[in-house]
Amino acid sequence: MKILLTAVLGALMFAVFGSIFSELFSQKISWIGIAVGAVVFFAVWLIIPKSEREMEGGTSLTRGIEETKELFDNWASSYDQDLRNANGILEGYETSLKTASQVCTVSNGVQVLDIGIGTGKFAQLLEAQGAKISGIDLSESMIDECRKLHPGYDLQIGTFRQIPFADNAFDAVVSSFCFHEVPLEERQAACEEVYRVIRKGGMACLLDIMFASNAAVAEARKSMLGQWDDSEVYSLVGDLSEHLYSSGFHSVQWLQTGRLHWMCLAYK
Ligand SMILES: C[S@@+](CC[C@H](N)C(=O)[O-])C[C@H]1O[C@@H](n2cnc3c(N)ncnc32)[C@H](O)[C@@H]1O
């Protein structure tokens, strides 16, 4: 819509500047008017689609990996306390985790890897069903907190892009509220990395802040006013489905677990 508006605006600029210059000066100088129109048009072209992409969650994460690591290193000690009765984008956090753990049922003894395990909130719900938990996280302090709370977990530093485990090592890979930390241009590769470490017949379960459409993103952003974090880019369920199918997964299924949260199950 905005791109169409830009085109119309651009055509108007050409016409208006061209005719003003030809009225005021000579026919020859009207070319300068057309050139001015063209410059304004391209400036508008650059600006409008950029704000459109930012608003609708289409640009890459503006936070670098070091900044993300620092953010969670600093947050680790108060994370659990802060997420009690979470609001903003994480409103309904605990309900979403609970729903996801009920849908992502695991049987006794299955090997589960939690990516971006944080303090282990999601993993502990799966452990209660009998899963054996391994976890990776970008943040050393998060790993330390998790180790204090869950000394029995196998925990290591690692990321969605570099999972420090062998091919086919897990029955299931899960992740809660972490996938949006992966830059947009790396999300396909992240899904391929998840696929690599799941055994044939195993599954991935991804829970995150996600949206069904760009319109849903825009509406949520509007309703949140000051609480929306423009440095983060949340996936559209359709985009993540495409990444998962192109990575080799099949039977991708979706469930909305909260106002702003979705989960999917995908099978290898
Ligand atoms: C919002 S917290 C979620 C933690 C936990 N899964 C939960 O549901 O409470 C995001 C976690 O992902 C970690 N993280 C951020 N980017 C990551 C990445 N690219 N790969 C792995 N972990 C990452 C952060 O350090 C943090 O612990």
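**Helices, strands and what lies between**

Student: Which elements do the buried residues of α5 pack against?
Tutor: Helices (H or I, at least four residues) and strands (E, at least two) are DSSP runs, numbered from the N terminus. Buried means 20 or more other C-beta atoms within 10 Å of a residue's own, exposed means 12 or fewer, and partly exposed is in between, with C-beta atoms placed from the backbone. A contact is two of those C-beta atoms within 7 Å. On that basis, the partners of the buried residues of α5 are α6, β4, β5, β7 and β8.

Student: What kind of model is this, and what pLDDT do side-chain atom pairs need to count?
Tutor: Residues are numbered from 1 along each chain as its sequence is written. The model is predicted: totals for chains, interfaces and linings use all residues, local features need pLDDT of at least 70, and side-chain atom pairs count only at pLDDT 80 or more.

Student: How wide an arc do the buried residues of α5 cover?
Tutor: Those residues are Y93, S96, L97, A100 and S101. The arc is taken from the directions that run from the helix axis to the C-beta atoms. They sit on the same side of α5, because their arc is only 130°.

Student: And which exposed residues does the other face of α5 carry?
Tutor: Look at the face of α5 turned away from its buried side. There you'll find T95 and Q102.

Student: Is K98 buried, partly exposed or exposed?
Tutor: K98 belongs to helix α5. It has 13 other C-beta atoms within 10 Å, so K98 counts as partly exposed.

Student: How far apart in space are K98 and K121?
Tutor: In sequence, 23 residues separate K98 from K121. In space, going C-alpha to C-alpha, the distance is 9.8 Å.

Student: Which elements are among those covering the buried residues of α7?
Tutor: Helix α7 (residues 140-149) has M142, I143, E145 and C146 as its buried residues. They lie on the same side of α7, because they span an arc of only 160° around the axis. What covers them includes α3, β2 (132-137) and β3 (154-157).

Student: Which residue of β8 is the bridge partner of M203?
Tutor: Strand β8 (residues 261-267) is mostly covered, with six of its seven residues buried. Seven bridges link β5 and β8 in the antiparallel sense. Across from M203, the partner in β8 is Y267.

Student: How many residues does the hairpin between β7 and β8 pass through?
Tutor: β7 (residues 250-258) runs antiparallel to β8, with six bridges joining them. One of the bridge pairs is Q256 with W262. As for the hairpin residues joining β7 to β8, there are two.

Student: Is F177 buried or exposed?
Tutor: F177 sits in the loop between β4 (170-176) and α8 (187-197). Its phi is near 55°, which is positive although F177 isn't a glycine. With 22 other C-beta atoms within 10 Å, F177 is buried.

Student: What about N85, buried or exposed?
Tutor: N85 also has a positive phi, about 55°, without being a glycine. Its loop runs between α4 (79-82) and α5 (93-103). With 8 other C-beta atoms within 10 Å, N85 is exposed.

Student: Last one: which residues come nearest the ligand?
Tutor: Near means that a C-beta atom, placed from the backbone, lies within 6 Å. α3 (65-75) and α6 (121-127) each supply at least two residues of the shell. Of the 19 residues around the ligand, the nearest are F72, G116, G118, T159 and E181.

Notes:
Contact = placed C-beta atoms within 7 Å. Pairing = 2+ DSSP bridges.
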